Amino acid sequence: IRGHVSRGTGILNNELYAGRIVWNRQRYIKDPSTGRRVSRPNPPLEWVTVDVPELRIVDDNLWQSARRHQAALAKVFEATTKGVHEARAKARSNLRRPSYLLSGLLICGCCGGKYGLVVGDRYGCLNRNRRNTCENGRTIRRAVIEQRALTGLKEKLVSADAVAEAVRAYHEAMNRDKQEQRAQSSAGRHTLAKIERTIKSIMTAIEDGMYQPSMKARMDELERQKAEITARIAVEVPSLPDVNPNIAEIYRHKVQHLSVALDDQTTAQEATTAIRSLIGEIVLTPGDKRGEVHATLRGELMSILDFAAGQHDKRANVQRVITAVASSPRNQHSAQRVEAVRSIMCLEIKA
């Protein structure tokens, strides 16, 4: 009976009773984490409303009276509603928090699927254990892989030579992008100037009384092209931050402190978040010996440099670079190019 006020569900909120049909209140998308379809409300400006007075069964006075009563009740229970919403938001936040240090970061080297807890405290390939679509039957204890990951982060991941090589490759890739971006920007500015001249001529014609209905459609198209070109010109591939010559020692010192902080309940969550930000993924593949599991840890170079420099937003730089490369004109449909840049910003070790 009550339904949902903003979604227009339930008898009390169904505008069909008042002689109106409303379409497009909400849309459905797939939740990437569960694969299920979930509903999302659309802005009121996108709703489509049609009056159908022949279907009205409630007069307008009664309909408006119900609206006023709903508003009065919402005011009375405003504090309670707010508290419930905050409690639910907090619960959802806790659910999204990773259960363990490496939750969601472990990848099967055979099928590319996720590794998760399958028996007790042992990680295994979820595609094998849930769907039987992978041949990788090797499992590994949580404590073992966490210790191997921490050891790899502290002792193997960062070296002066590895950072220098990654920075060099990164600069080469970014310089190529900047050269092509400058060429694209030059061509874009010429096109932009031509579009602006065309818009000006149409505006002059309208002012002289020569308006035609087709002019509006043409103006809309020109404005759309202008906005797209302006956005492309504004895209700038960010530069790499300066690298401290003592980066390796600073990094190891900080990771050592984080490892200690993991054992303290008051700092464990912060330490977990910081450590996870340094790890792109850990690929697990079966070895030749019985029970042997090889682990390859891929650390994100930009996050590592930010971490050593004491910056808090450790994912911002790497994500900004990838977004810039993906949105540049020649890379819009090139997933391979984005992955190539992403791999340059990874330091890979056998852990």
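Is R142 buried, partly exposed or exposed? In this predicted model, R142 is partly exposed, because its relative accessible area is 25%. Its partner tells another story. The side chain of R142 meets that of E146 in a salt bridge, with N and O 3.2 Å apart. E146 has a relative accessible area of 14%, so E146 is buried. Both residues belong to helix α4, which covers residues 142–156. They stand 4 residues apart, or about one turn of the helix.

This pair belongs to a wider set. Side chains of opposite charge can pair when their charged atoms come close. A search of the whole structure gives 10 salt bridges. One of them joins E15 to R25, and here the closest N and O atoms are 2.7 Å apart. This pair links distant parts of the chain. E15 lies in the segment before β1, whereas R25 lies in the loop between β1 and β2 (26–30). The two are 10 residues apart. E15 has a relative accessible area of 19% and is therefore buried, given that the limit for buried is under 20%. R25 is also counted as buried, because its relative accessibility is 14%. A network of salt bridges links E15, R25 and R20.

Another salt bridge is formed by R141 and D121, with 3.8 Å from N to O. This pair, too, links distant parts of the chain. R141 is in strand β8, residues 140–141. D121 is in the loop between β6 (115–119) and β7 (122–125). The separation is 20 residues. R141 has a relative accessibility of 38%, so R141 counts as partly exposed. D121 counts as partly exposed because its value is 34%.

Charged side chains also meet aromatic rings. R25, the salt-bridge partner of E15, lies over the face of W47. The distance to the ring centre of W47 is 4.4 Å. R37 and Y28 give a further case. The charged end of R37 sits over the ring of Y28, at 4.5 Å from the centre of that ring. A pair of aromatic rings is described by the distance of the centres and the angle of the planes. The search of the whole structure returned 0 aromatic pairs.

The cysteines were examined next. A disulfide is a covalent bond between the sulfur atoms of two cysteines. The search of the whole structure found 0 disulfides. C110 is in no disulfide, and its nearest cysteine sulfur, in C108, is 4.5 Å away. C110 counts as partly exposed because its relative accessibility is 47%. The cut-off for a disulfide is 2.5 Å. With a relative accessibility of 33%, C111 counts as partly exposed.

Helix α8 spans residues 268–278. Of its 11 residues, 8 are buried, so the helix is largely enclosed by the rest of the structure. Among the buried residues are the alanines A268, A271 and A274. T272, I275, R276, S277 and L278 are buried too.

I1, I11 and L12 make a nonpolar surface patch of about 310 Å². L12 is found in the segment before β1 (20–23). L12 is partly exposed because its relative accessible area is 35%.

Two asparagines stand out in the backbone. Most residues other than glycine have a negative phi, and most peptide bonds are trans. N24 is not a glycine, yet its phi is positive, at about 65 degrees. N24 sits in the loop between β1 and β2. Its relative accessible area is 36%, so N24 is partly exposed. N132 likewise has a positive phi without being a glycine, at about 55 degrees. The loop that holds N132 runs between α3 (126–131) and β8. N132 is exposed, because its relative accessible area is 60%.

Conventions: Residues numbered from 1 in each chain as written. Predicted model: local features only at pLDDT ≥ 70, side-chain atom pairs only at ≥ 80, totals over all residues. Heavy atoms only, no water. Patch = residues over 30% accessible without salt bridge, like charges linked within 9 Å, V, L, I, M, F, W, Y side chains within 5 Å. Areas by Shrake-Rupley, 256 points an atom, 1.4 Å probe, with all protein chains shown as cover. Salt bridge = Lys/Arg side-chain N within 4 Å of Asp/Glu carboxyl O. Buried < 20%, exposed > 50% of the residue type's maximum accessible area, 1.4 Å probe, protein only. Phe/Tyr/Trp six-rings, centres within 6.5 Å; stacked < 30°, edge-to-face > 60°. Lys NZ or Arg CZ within 6 Å of the ring centre and 35° of its normal.
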